[in-house]
Amino acid sequence: MPTETIFTRIVRGEAPARIVYRDDEVTAFHDISPAAPTHILIVPNKTLRTLNDAGPDDQALLGKLLLTAQRIAAEMGIAEQGYRIVINCNSQGGQSVYHLHLHLLGGRHMTWPPG
Ligand code: 5GP
């Protein structure tokens, strides 16, 4: 499977996206097909296909992805009411884009368990 995805192109600025945050390690942008009133994707700039591909060297990066999501949730005004962070991994996990990403979902009540 190719490692280049649409997210790789968004990170490089080669494909359009509604960017909400970017630095030299992570990029966050609005999901093109939002599943909630707030739906932001937070991705590492380096290409990791899935969570399975992260290793000990990625420990700080994984923490940064979560803290970036936390900060964006606060900035978007959904922190107090609550939100959900999702990482889909491989086919049974529902992953469709093979560049590791966190979903930040909020603005509505979430149900459990997920489908
Ligand atoms: P996954 O199913 O892999 O966990 O999530 C992939 C997400 O990427 C989906 O929610 C989908 O709507 C979103 N997505 C797919 N293609 C694009 C795109 O070109 N731009 C943006 N902003 N989001 C995309």
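Trainee: Leaving aside neighbours within four places in sequence, which residues is His 101 in contact with?

Mentor: This is a predicted model, where local features need pLDDT of at least 70 and side-chain atom pairs count only at 80 or more, while totals for chains, interfaces and linings use all residues. Residues are numbered from 1 along each chain as its sequence is written, and side-chain values use heavy atoms, without hydrogens and water. With contact meaning heavy atoms within 4.5 Å, the partners of His 101 are Phe 7, Leu 41, Ile 42, Val 43, Val 86, Ile 87 and Gln 95.

Trainee: How far is a polar side-chain atom of His 101 from the backbone oxygen of His 99?

Mentor: First find His 101, in the loop between α3 and β5. Its side chain has a polar atom whose distance from the backbone oxygen of His 99 is 2.6 Å.

Trainee: What is the phi of Asn 90?

Mentor: Nice one to check! Most residues other than glycine have a negative phi. Asn 90 sits in helix α3, residues 90-93, and although not a glycine, this residue has a positive phi, near 60°.

Trainee: What is omega for the peptide bond joining Trp 112 and Pro 113?

Mentor: Look in the segment after β5 (102-106), where Pro 113 is found. Most peptide bonds are trans. The bond joining Trp 112 and Pro 113 is cis, with an omega of about 0°.

Methods: Helix = DSSP H or I, 4+ residues; strand = E, 2+ residues; numbered from the N terminus. Polar contact = N/O pair within 3.5 Å; in protein donor to acceptor, adjacent residues only side chain to side chain.
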